[in-house]
Amino acid sequence: MTTNILSFDELASTSDEAKKMAKAGAAEGTVVVAEAQTGGRGRLGRAWQSQKGGGLFFSVVLRPEAVPAKCSSFTLAAAVAVKDAINELYELNAKIKWPNDILLNGKKLCGILTEVNIEDGIADFMILGVGVNVNNACFDDKLKDKATSIFLELGVLTDKQKLLDAILSNISDAYEQFKNGGFAGFIEVYENDCVNIGQRVLAHKGSEKISGTAVGITELGELIIQKDGGEAVCVNSGEVSLSQ
Ligand code: BTN
């Protein structure tokens with residue numbers, strides 16, 4: 001995948017802008033970056049704080065030509081790619097929290113939001129939106145116990161362009177591998193670096209609560225939970241939120 005980076009000072013959301021461009025025919029590999037977002041979005045309808053200065057906010061247009069269920073598992077492969085870029089660049093030990101949060105010392109460092117645009121049952125395009133806490137010196141009261149940044153961990157300011165280049169290079173490699181073999185080839189490495197595996201989890205699926213132990217990940221990126229009663233269930237990231 002060849003990347004074409006388009007940089008903006010401020011946007012409502014890089015994912016909204018990338019979606020608009022994709023609808024107008026933007027090529028795969030178009031990357032929209034903003035210094036700040038006024039309406040940054042996270043998973044499950046949450047907001048993503050995106051003030052100027054601290055974070056890296058970008059979205060990539062992908063055109064995988066696959067069924068939507070398969071496409072969404074690319075989010076998990078992308079989490080591996082982003083985590084590896086961060087760990088290699090800064091010699092850190094970031095981990096993944098299913099499905100696609102990146103944690104450092106138990107606190108959130110990065111979030112990924114994938115949105116698939118469907119035409120006639122096939123994914124027309126997919127927008128991969130990534131937010132990394134890079135040079136944030138502090139977080140508001142709501143986030144301060146849950147979030148961290150590369151600056152807070154290392155004590156030095158980081159070049160966001162260098163980080164973006166390293167992440168895009170890894171995402172590009174992961175995307176080629178994913179197009180050839182789907183998520184199957186990522187399962188082992190994902191499970192090895194996923195903090196949930198072997199841990200107790202509580203999944204909220206609508207009003208239903210599923211409690212048990214997380215034991216693995218399927219080829220579609222679902223989490224396999226061994227329920228306390230014995231039966232194993234697979235839950236997908238679009239329908240559950242996880243607490244510990
Ligand atoms: C999450 O953890 O809930 C996912 C957060 C994704 C945030 C990024 S920032 C760049 C892109 N634009 C958005 O509006 N959201 C994503």
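Student: How many bridges join β5 to strand β6, and which way do they run?

Tutor: Four bridges join β5 to β6 (residues 107–119), and the two run antiparallel. Strands here are DSSP runs of E with at least two residues, helices are runs of H or I with at least four, both numbered from the N terminus, and two strands pair if DSSP finds at least two bridges between them. This is a predicted model, where local features need pLDDT of at least 70, side-chain atom pairs count only at pLDDT 80 or more, and totals for chains, interfaces and linings use all residues. Residues are numbered from 1 along each chain as its sequence is written, and side-chain values use heavy atoms, with hydrogens and water left out.

Student: What's the bridge partner of Ile-102 in β6?

Tutor: Cys-110. In the hairpin of β5 and β6, two residues sit between the strands, and Asn-105 takes a positive phi near 50°.

Student: And how does β4 pair with β5?

Tutor: Strand β4 (residues 95–97) pairs with β5 in the antiparallel sense, over three bridges. Lys-95 has Leu-103 as its bridge partner in β5, and a hairpin of three residues joins β4 to β5.

Student: Which way do the β5 residues point, and are they buried or exposed?

Tutor: Asp-101 and Leu-103 point one way from β5 (residues 101–104), Ile-102 and Leu-104 the other way, and all are buried. Buried means under 20% relative accessible area, exposed over 50%, and partly exposed in between, with a 1.4 Å probe and protein chains only.

Student: Switching to aromatics: how many pairs does a search of the whole structure find?

Tutor: Four. Rings of Phe, Tyr and Trp (its six-membered ring) pair if their centres lie within 6.5 Å; planes under 30 degrees apart are stacked, over 60 edge-to-face, the rest tilted. Phe-74 and Tyr-175 have ring centres 5.3 Å apart and planes at 70°, so that pair is edge-to-face.

Student: Where in the chain are those two?

Tutor: In distant parts: Phe-74 is in helix α3 (residues 74–90) and Tyr-175 in helix α5 (residues 160–181), 101 residues apart.

Student: What span should α5 have, and what does the model give?

Tutor: The 22 residues of α5 should span 32 Å at 1.5 Å a residue, and the end C-alpha atoms are 31 Å apart, which agrees. The expected span is 1.5 Å times one less than the number of residues.

Student: What follows α5?

Tutor: Gly-182, with a positive phi near 70°.
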